[in-house]
Amino acid sequence: MFKIMRVTGSSMLPSLSDGDFVCAMRWPFRWLRSGQIVVVKSSTYGVIIKRVDHVNTDGTFTLTGDNKAHSVSQGAMGKFTRAQLLGKVIYHTSE
């Protein structure tokens with residue numbers, strides 16, 4: 001139900017810094033909203049932490065990093081499905 005993860009990289013600055021810890025909780029997909037920070041399993045990038053950009057009516061959603069200069073582009077990440085959603089970040093703390 002809960003996952004504790006360590007942030008690596010600078011793609012979510014200033015919200016999350018390299019070395020921060022996050023607690024993510026399984027979250028019903030129907031509650032997924034733009035602006036939430038989530039953990040997903042990407043077939044290309046592995047487990048990543050990003051911000052929900054847009055939730056589509058077909059059940060897919062797009063993600064973005066807060067630090068655009070150091071994040072994979074939305075186009076490169078593509079769309080995600082609810083099956084790839086591991087949880088919503090509900091708490092974070094610095095190292």
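Which residue takes a positive phi in the hairpin of β4 and β5? In that hairpin, which has four residues between the strands, G59 takes a positive phi near 90 degrees.

## Basis of the model

This is a predicted model, in which local features need pLDDT of at least 70, side-chain atom pairs count only at pLDDT 80 or more, and totals for chains, interfaces and linings use all residues. Residues are numbered from 1 along each chain as its sequence is written, and side-chain values use heavy atoms, with hydrogens and water left out.

## The sheet

Seven strands form an open sheet with antiparallel pairing, in the order β1-β2-β7-β3-β4-β5-β6. The edge strands, β1 and β6 (80-81), each pair on one side only. Strands (E, at least two residues) are DSSP runs numbered from the N terminus, as are helices (H or I, at least four residues). Two strands pair if DSSP finds at least two bridges between them. Strands of a sheet pair through backbone hydrogen bonds, either parallel or antiparallel.

## Strand β5 and its partners

Strand β4 (residues 46-55) is joined to β5 by four bridges, and the two run antiparallel. H54 has T62 in β5 as its bridge partner. On β6, the pairing with β5 is antiparallel over two bridges, and F61 stands opposite F80.

Five of the five residues of β5 are buried, so this strand is largely enclosed by the rest of the structure. Buried means under 20% relative accessible area, exposed over 50%, and partly exposed in between (1.4 Å probe, protein chains only). In a regular strand the side chains alternate between the two faces of the sheet. In β5, T60, T62 and T64 point one way, while F61 and L63 point the other way.

## S71 in a loop

S71 sits in the loop between β5 (60-64) and α1 (74-77). With a relative accessible area of 17%, S71 is buried. Its side chain makes a polar contact (N or O atoms within 3.5 Å; within protein, one must be able to donate a hydrogen and the other to accept it, and residues adjacent in sequence count only if both atoms are side-chain atoms) with the side chain of K50, at 3.0 Å. Leaving aside neighbours within four places in sequence, S71 is in contact (heavy atoms within 4.5 Å) with S11, K50 and G65.

## F2 in strand β1

F2 lies in strand β1 (residues 2-6). F2 is partly exposed, with a relative accessible area of 49%.
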